[in-house]
Each structure stands twice: as structure tokens, then as C-alpha cells.
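Biologist: Hello! I am new to this structure and would like to learn how to read it. Could we start with a look at it together?

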Amino acid sequence: MQEFDHIQSLWDTHKVEVKISSDEMLSQVKKDVGSIRTRSVLNIAGMILSFIAIAALWLFFDFKSWTTHAGLTITITVIAVYTFILYRGHKLIAQNDFTAHPKEFLSSLKNYQLDRFKLYNRLYWIYAVALSFGIVLFFFEMLSYYSFWKQCLIVGLTFGWIFFCSTLVRKTALKRERERISLLIEKFERISKQFKETA
Amino acid sequence: MEKKDQLFKQIFDSNSKKIFHLCYGYTGDADSANDLLQETFLKVWQNLDKFRNKSLISTWIYRIAVNTCLTYLRSEKRQAKDELTDSIIENSVEEFSEKNEQVALLYKSISKLEENDRLIITMVLDELPYNEIAEISGISEGNLRVKIHRIKQKLTELYNQHARI
């Protein structure tokens, strides 16, 4: 039979170690937000690279047909517009720091989540349709240089890839990103809300 | 900003251990306690300018930590610490010692207490002055003494029950 003194001595002897410093703690929060920012930057970088690649193709090859030029114009315009949309979204989370301006950051993060949701839904389909239309026009001239089977293979692979990205990849990316942002919003909201209760 | 950084560092260094112990008492595992510690000090960081010196800063931080722990337990609908304390017991098999087992039993017993009792007893165990505990928990000092007496009895009873199993 033990007395409370024994419990007290147990509590006192159980030494706990705080494994984090104040600096590490603040930088940890910045890191959580940083991973979302990094993904956003990578998205934009990928789009810029695609833009450069298509622009180079247009500059360095001598295309004869108007359909090729029309296809490339549509493709490059779509990419430029979507890069701008991505950049606008990125600005939402790049402007504020949660540790310095929690309210503003939380509001920006919510807007960013909404922005991404739109991007992965309605805007994505507009993007996919416009891109497909551009590619179809581009293929008119390009495919004439290839045999029938090669044409079938190129068309099959291209549209198969677009279909794959529009369905499986899009859904998975949307789900993952929504979960990641929701988790951060939930955490930051909890932090802000609880303080209102305690203050 | 640099002044705030320095002040925060000072506050963190002098209070983090006690707050971590409090969170540990609530959750029964180091990882969750660490998360709660971080949440608590994030709130402290963000609201440092609003602290009015009406109470001790340690009391203010304790109040924030207590609310953080309570909300964590309620919102996550965690089943106290049954599973967690079980894992502590399992883990301690590897580095078995009588002391480890007793500590695990202590946390398991604390987890069986009511949420508010758990909060009060962890502050008692941390040897906070009664007037501070009264302020943090919002109970008058007179009532608190009676309550603490009951909680101590209940905890000792629970601990002995678990120790017999």
C-alpha cells in the first residue's frame, strides 16, 4: 500500500527532457508552412520550364502549317495564363508569416485553399481541354512525318497521359493538398481560438 | 523584434520544463506532450504583447497550457491515455526497471482522473503554490484545499489498484 508521498517522489524522479529550443520551435512552424510554399514554387517552376521548352520549339523549328502555329499559340497561352494563376495563388501564402501575423496568415491560407480547389476542379478542366485542342492542332503537321502506327502511338500516349493526369493524378494531388492545408488551418485555428478563451 | 525574441527565449527557458511535465501528465507520451508544448508557446509568442502583468507570467502560461491540453483531449476525443500508457509499459519492457513500471502506473492512474482533477494534480505534483493553482483553475483557495485532498486520495487509491493488478 503506497501513500501520496510515494507518488510525489515518483513524479519528482521522472525527469523529462524538453528536446526543442525556442528557436527550433518557431522555425518548425515556419517549416510546416515552408513545405507548402516550396510545392507552390516547384509548380510554378515546372510551368515556366514548359513555357520555355515550347517557346524554344517554336523559335528553333521552321513549322510550315498554320495549324502548328495556332496549336503552339494556344498551348503557350494556356501555360502562361495558368502560370500567372499559380503565381497569384503563391502570393497569398508568401506575403505573411504565421509567427508574426497569425490572423492575416490564417486568412490567406484559407483563401489559398479555396484558390487551389478551384484550380484543381473547374480551371483544371478548362486547362486540359485547351491544352488538348492546342496539341490536336499541333499534331496536324507533325504527325504527317510519321508512319500510321507511330501516329497512333503518339496520339494514344499523349491523350492517355492527359487522361491519366486529369483523373488519377488530379484527384490524388487534390486530396493530398487539401489534407495538408486543412491540417495546418486546423492547427492554426486551434492556436488562435484557444487563446481567445484563455486571455 | 529582437527584444521580443530575447524575452521569449528567456520565458521559454524558464518555463518549458514545467509546461512539458504538465503536458506529459495529460497525455502520457513525450511526442504529444511536445506538440502541446509547442502549441502553448506559440500562443505565448503571439500574445506576448497582450500580457498585462496582472498575474505572474508563469501563471498566465500555465493557464494557456491547461486550455491547450483540455482542448486537445476533447477535440481529438482521445481515450485518455490508456493506449499510450500501455505503450509506455510495453516500451519499458526493453529497459525494464521497477522505477519505469511505477512511473508508467502513475501516468495510467492520472489518466483515470477527471480532466480538471488531472490538471490540478499535475500542478500539485509540480509543487505550484496553492494561490497560483487556484488562479489557474478558477477555484477559490478554500475549496481548492478540499478538492486537492480528495484528488490525492483518489489518485493514491487508483495507483494502488493498478499496482495490485
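Modeller: Gladly. In chain A, the axes of helix H3 (residues 66-94) and helix H5 (residues 122-142) come within 7 Å and cross at roughly 155°. This is a predicted model, in which local features need pLDDT of at least 70, side-chain atom pairs count only at pLDDT 80 or more, and totals for chains, interfaces and linings use all residues. Residues are numbered from 1 along each chain as its sequence is written, while chains are lettered from A and ligands numbered from 1 in the order in which they are written.

Biologist: How are H3(A) and H5(A) oriented?

Modeller: In general, two packed helices are described by the angle between their axes and the distance between the axes. Axes here are lines fitted to C-alpha atoms, for helices over the stretch in contact, with angles from 0 to 180 degrees between N-to-C directions. H3(A) is therefore roughly antiparallel to H5(A) (angles over 145 degrees count as such). Their crossing is left-handed, that is, the near helix is turned anticlockwise from the far one by less than a right angle.

Biologist: Which residues of H3(A) and H5(A) meet?

Modeller: A contact needs C-beta atoms, placed from the backbone, within 7 Å. On the H3(A) side they include Leu72(A), Val78(A) and Tyr82(A), and on the H5(A) side Tyr127(A), Phe138(A) and Glu141(A). By class, this contact has 16 nonpolar residues, five polar and one charged. Ala, Val, Leu, Ile, Met, Phe, Trp, Tyr, Cys and Pro count as nonpolar, Asp, Glu, Lys and Arg as charged, and the others, Gly among them, as polar.

Biologist: How many helices and strands are in chain B?

Modeller: Helices (H or I, at least four residues) and strands (E, at least two) are DSSP runs, numbered from the N terminus. Chain B has eight helices and zero strands.

Biologist: What does each chain give to the contact between A and B?

Modeller: Chain A gives 27 residues and chain B gives 34. On the chain A side, H6(A) gives the most, with six residues.

Conventions:
Two residues are in contact if their C-beta atoms, placed from the backbone, lie within 7 Å. Angles under 35 degrees count as roughly parallel, over 145 as roughly antiparallel, 65 to 115 as roughly perpendicular and the rest as oblique.
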